[in-house]
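Biologist: Could you walk me through the annotated positions in this protein? I would like to know where each one sits and what surrounds it.

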Amino acid sequence: MGAVTTSNLKPFDAVVLMSFGGPEKPEEVVPFLQNVTRGRGIPDERLEEVGEHYFSFGGRSPINEQNRALKSALEAAFEARGIDAALLWGNRNWAPFLSDVLRAQAAEGARSFLAIDTSAYSSYSSCRQYREDFGAVTAQLAEEGISVEIDKIRQYYNHPGFAAAELDAVRQALADFTAQVGEIDPAQHRLLYVTHSIPTAMQRASEARTAGYRGQHQQLIDWIAEQLGQELILESELVYCSRSGPPQVPWLEPDVNDRMEELKEDGVTGVILVPIGFVSDHMEVKFDLDTEAKETAERLGMAFTRAATVGTHEAFVSGLVDLVEERAAQRRGESVEAPAVTPEGALQPGTGACSIDCCLGMKDRPVLPQWESAAG
């Protein structure tokens with residue numbers, strides 16, 4: 001789609017899929033990691049070591065291909081609903097950079113953009129940091145004489161579309177595990193929901209206006225268990241992966257591999273891992289779960305199944321389009337029912353769930369969109 005300044009998604013001219021970004025070839029790995037870690041003083045030698053995860057996959061992150069697939073699925077859903085707004089793709093840390101994408105689209109007349117970020121839950125790194133990116137990009141373009149506005153859909157961990165896709169993934173994983181082991185035994189098997197660990201200080205900040213990063217995961221896990229009812233006979237729990245940073249800084253635990261070690265000592269012989277914190281099979285899933293956690297299971301002699309991510313699941317894609325239409329209607333001042341499957345609800349549907357003081361991070365950086373408070 002090209003720029004349509006008379007979009008029927010008013011007040012927005014275009015929608016932008018906003019993601020983390022990743023390298024496409026080996027020579028891009030260290031420059032990409034330099035972007036990710038800028039300002040932290042990490043030497044290139046250390047980045048080379050960190051980059052081994054990428055080099056083991058040919059220096060190519062799977063996230064870009066997955067974003068292209070999601071963009072294509074969203075374009076098809078837009079067309080099916082008659083939405084004529086341009087659908088773009090921009091990244092935080094690697095090409096296509098958000099600033100370049102918006103600059104090019106602004107040259108075609110677009111000025112108001114609605115962002116879909118690829119993180120479902122509320123925390124500094126999964127929500128507010130994207131909003132800081134929006135603030136930095138609008139300031140950068142303003143210095144070039146280009147005035148643009150960026151809004152975003154709400155965090156969607158509890159939207160019916162995302163929730164339904166996660167439920168399907170768990171059901172299929174249970175079926176796959178049953179085919180592998182013959183019969184599920186609640187005394188010997190466990191269901192482990194996995195998400196990206198964050199510093200405990202970031203977790204506390206995420207609780208300022210919401211149930212928090214950990215709480216939102218748990219609410220969705222509880223909803224899935226309720227939907228499965230007697231289908232689910234396994235104990236389940238939330239575990240973490242991808243911890244980074246200095247060892248003296250506390251992060252959310254337990255680590256998935258550590259927990260598998262403990263479960264083995266308790267007599268558990270098989271695990272199902274559900275990557276509930278990730279929307280696609282990017283590096284944390286392909287390396288931390290499909291490689292590292294799988295190797296841990298093999299070493300421990302445990303049966304192992306990894307559930308699918310929501311990816312381009314029809315319910316997830318349709319749900320994202322619902323959220324795009326929801327936010328556009330809110331901005332037009334229309335009364336909107338913002339559906340949610342968990343007790344937290346849709347997080348102040350009139351504001352897109354964000355406020356100036358939500359998931360506080362670097363206070364000297366402007367955030368977009370912003371409101372005085374989540375209750376205002």
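Modeller: Happy to! This is a predicted model. Let's begin with Ser 61, which sits in the loop between α3 (52-55) and α4 (63-81). UniProt, in an unreviewed entry, lists Ser 61 and Tyr 130 under "binding site".

Biologist: Is Ser 61 buried or exposed?

Modeller: Buried means under 20% relative accessible area. Ser 61 has 3% relative accessibility, so it counts as buried.

Biologist: And which helix holds Tyr 130?

Modeller: Tyr 130 is also annotated by UniProt as "binding site". Its contacts beyond four places in sequence include Arg 92, Asp 117 and Thr 118. As for the helix, residues 124-143 form the one that holds Tyr 130, and that is α6.

Biologist: Thanks! Where do His 196 and Glu 284 lie?

Modeller: The unreviewed UniProt entry gives "binding site" for His 196 and Glu 284 as well. His 196 lies in strand β5, and Glu 284 is in helix α11.

Biologist: Which residues does Glu 284 contact, leaving aside neighbours within four places in sequence?

Modeller: Contact here means heavy atoms within 4.5 Å. With those sequence neighbours set aside, Glu 284 touches His 196, Ser 242, Phe 278 and Leu 289.

Biologist: Which side chain makes a polar contact with the side chain of Glu 284?

Modeller: Glu 284 counts as partly exposed, because its relative accessibility is 23%. Its side chain has a polar contact at 2.8 Å, and the partner is the side chain of His 282.

Definitions and conventions. Residues are numbered from 1 along each chain as its sequence is written. This is a predicted model: local features need pLDDT of at least 70, side-chain atom pairs count only at pLDDT 80 or more; totals for chains, interfaces and linings use all residues. Side-chain values use heavy atoms; hydrogens and water are left out. UniProt positions are given in the numbering used here, feature names are shortened, and annotations may be inferred rather than shown by experiment. Helices (H or I, at least four residues) and strands (E, at least two) are DSSP runs, numbered from the N terminus. Buried means under 20% relative accessible area, exposed over 50%, partly exposed in between (1.4 Å probe, protein chains only). A polar contact is a pair of N or O atoms within 3.5 Å; within protein, one must be able to donate a hydrogen and the other to accept it, and residues adjacent in sequence count only if both atoms are side-chain atoms.
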